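Open the model in your viewer and keep the selection tool ready. The stops below go one by one.

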Amino acid sequence: AKRLQVNSYPTLVMLSPQNAVTGEREVINKNVRGIFEDGDYVVDFPYHPKPYGSLQAAPEGINENECVIVFHENGDDDDQQEIRQVLREASQYMEGIQCYWALEPSHVSKSVRQAVGLPVQPTMEPAMILLDLPRGATYCRSDCTDITVEHVVKFAKAPGMRQALR
């Protein structure tokens, strides 16, 4: 666990093939579990880290990077699929910022909601935040409920006044 920098369990790590000279294997991705839980395991092989994903499937990422999180646990299937697509696309325009979606109630989404002052019970409208745990444990909330690539990128680049987590 120490050699692979595993901090929580269960964890699934993807290693490279063994180097013929050194005999070592490089870590490709420290958190493959989220890929399997999202069902993208065939398309995404060999599982290089992505700048987006499900908050429920890969919550460790919020500890390592500044991130935009969109909550829409009460959205219908079409709305939720659109949010996934918007965040995948928006992540291409935001160097160093991860994008996560929270589309079903979970312990993780409830904890983050509480920490940033969002209602614990999800509403019918999506909510978007910028969370920065690695550099000071701060957040910003957006008033925007129209989740588009343009709105996500604009919010990430100029989120407004940062607040300390509760």
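This tour visits a salt-bridge network, a helix contact and a charged patch.

The model is predicted: local features need pLDDT of at least 70, side-chain atom pairs count only at pLDDT 80 or more, and totals for chains, interfaces and linings use all residues. Residues are numbered from 1 along each chain as its sequence is written, and side-chain values use heavy atoms, without hydrogens and water.

**Stop one: the network.** Select Glu66, Asp132, Arg135 and Arg162. Salt bridges link these four in a network. A salt bridge here is a side-chain nitrogen of Lys or Arg within 4 Å of a carboxyl oxygen of Asp or Glu. The structure holds five.

Start with Arg162 and Glu66, whose closest N and O atoms are 2.7 Å apart. Arg162 sits in the loop between helix H4 (149-157) and strand E8 (163-164), and Glu66 in strand E4, 96 residues apart. Helices (H or I, at least four residues) and strands (E, at least two) are DSSP runs, numbered from the N terminus.

Move to Asp132. Its side chain meets Arg162 at 3.5 Å, N to O. Asp132 lies in strand E6, 30 residues from Arg162. Asp132 also bridges to Arg135 at 3.3 Å.

Which of these are buried or exposed? Asp132 is buried at 3% relative accessibility, while Arg135 is exposed at 54%. Buried means under 20% relative accessible area, exposed over 50%, and partly exposed in between (1.4 Å probe, protein chains only).

**Stop two: Ser109.** Find helix H3 (residues 107-115), where Ser109 lies. A polar atom of the Ser109 side chain is 3.1 Å from the backbone nitrogen of Ser106. Ser109 is buried, at 2%.

**Stop three: Asp79.** Select Asp79 in helix H2 (residues 77-90). Asp79 is partly exposed, at 33%.

Conventions:
A polar contact is a pair of N or O atoms within 3.5 Å; within protein, one must be able to donate a hydrogen and the other to accept it, and residues adjacent in sequence count only if both atoms are side-chain atoms.
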